[in-house]
Amino acid sequence: MKRLVIITVGKTHSGKTTFAKKLEQHLHNSVVIDRDDQAEFINTHYKSLLPKQGVNTFKNAISRTIVDYAVNESSSHLILCNANRGRKGRLEMLERFHHKGFVSILVHFEIPDDILHSRITNSQRSTTIFRSASNFEEVLSRQQAESHHGDVVAPAASEADHLFVVKDSHEVQSIIQKITNISQDL
């Protein structure tokens, strides 16, 4: 049986997690793997093991283990709910999934920054996921600065089997329907 891997791409508060949870409800036999969940777990139970600076190799290792388990020990479609804004890392991840026979879908959230600022202002999300940032405004500022680096680019249609772009939250339901239709055609 062919499986889907749906990978979200976007800045903080762009709707990636909300989308992933809604998609999971509509896409039979699917699971959301959200790196924020791993970050919260680590920060709650293993904070002393976190790297003091640089890449969070601990979170990456836990996330990779969960993904590998889901790929090799389940028959579920995977919904990877992460920022995935770096092209090189995205392509490497997609290559691994293509090698395993997955049909890939990228969902790029292109929500204007003024809307993201508004969402952050009204957010009730926990900050226990943070290792170095103190609030979501700081995360968004970092992401805005990263947008000017060469590797942080919007996904291209050639990267995956399917690419959907969300510019407005009203588009979410139709994209979910398109993805469930793709799953039914596998």
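Buried means under 20% relative accessible area, exposed over 50%, and partly exposed in between, with a 1.4 Å probe and protein chains only; at 33% relative accessibility, Asp-68 therefore counts as partly exposed. The model is predicted, and local features need pLDDT of at least 70, side-chain atom pairs count only at pLDDT 80 or more, and totals for chains, interfaces and linings use all residues. Residues are numbered from 1 along each chain as its sequence is written, and side-chain values use heavy atoms, with hydrogens and water left out.

**Salt bridges**

- With a salt bridge taken as a side-chain nitrogen of Lys or Arg within 4 Å of a carboxyl oxygen of Asp or Glu, the count comes to nine salt bridges.
- One of them joins Asp-113 to Lys-11, with the closest N and O atoms 2.9 Å apart, and this pair links distant parts of the chain, since Asp-113 is in helix H5 and Lys-11 in the loop between strand E1 (4-10) and helix H1 (16-26), 102 residues apart; helices (H or I, at least four residues) and strands (E, at least two) are DSSP runs numbered from the N terminus.
- Asp-113 is partly exposed at 24% relative accessibility, whereas Lys-11 is buried, with a relative accessible area of 16%.
- Glu-159 forms a salt bridge with Arg-87, the closest N and O atoms being 3.3 Å apart, and here too distant parts of the chain are linked, with Glu-159 in the loop between H6 and strand E5 (162-166) and Arg-87 in helix H4, 72 residues apart.
- Glu-159 counts as buried at 5% relative accessibility, while Arg-87 is partly exposed at 33%.
- Asp-68 pairs with Arg-64 at 3.4 Å between the closest N and O atoms, both residues lying in helix H3, four residues apart, about one turn of the helix.
- Arg-85, Arg-142 and Glu-146 are linked in a network of salt bridges.

- Phe-97 and Phe-102 form an edge-to-face pair, 5.2 Å centre to centre with 80° between the planes, and both residues are buried.
- Tyr-46 is found in the loop between helix H2 (35-45) and helix H3 (57-73), and Tyr-46 is partly exposed at 38% relative accessible area, as is Phe-41 at 40%.

**Helix faces**

- Helix H4 (residues 87-99) has 13 residues and reaches 18 Å from its first C-alpha to its last, close to the 18 Å expected at 1.5 Å a residue, where the expected span is 1.5 Å times one less than the number of residues.
- The buried residues of H4 are Arg-90, Met-93, Leu-94 and Phe-97, and, seen down the axis of H4, they fall within an arc of 100°, so they line one face of the helix; the arc is that of the directions from the helix axis to the C-beta atoms.
- On the other side of H4, Lys-88, Glu-95 and His-99 are exposed.

Conventions:
Rings of Phe, Tyr and Trp (its six-membered ring) pair if their centres lie within 6.5 Å; planes under 30 degrees apart count as stacked, over 60 as edge-to-face and the rest as tilted.
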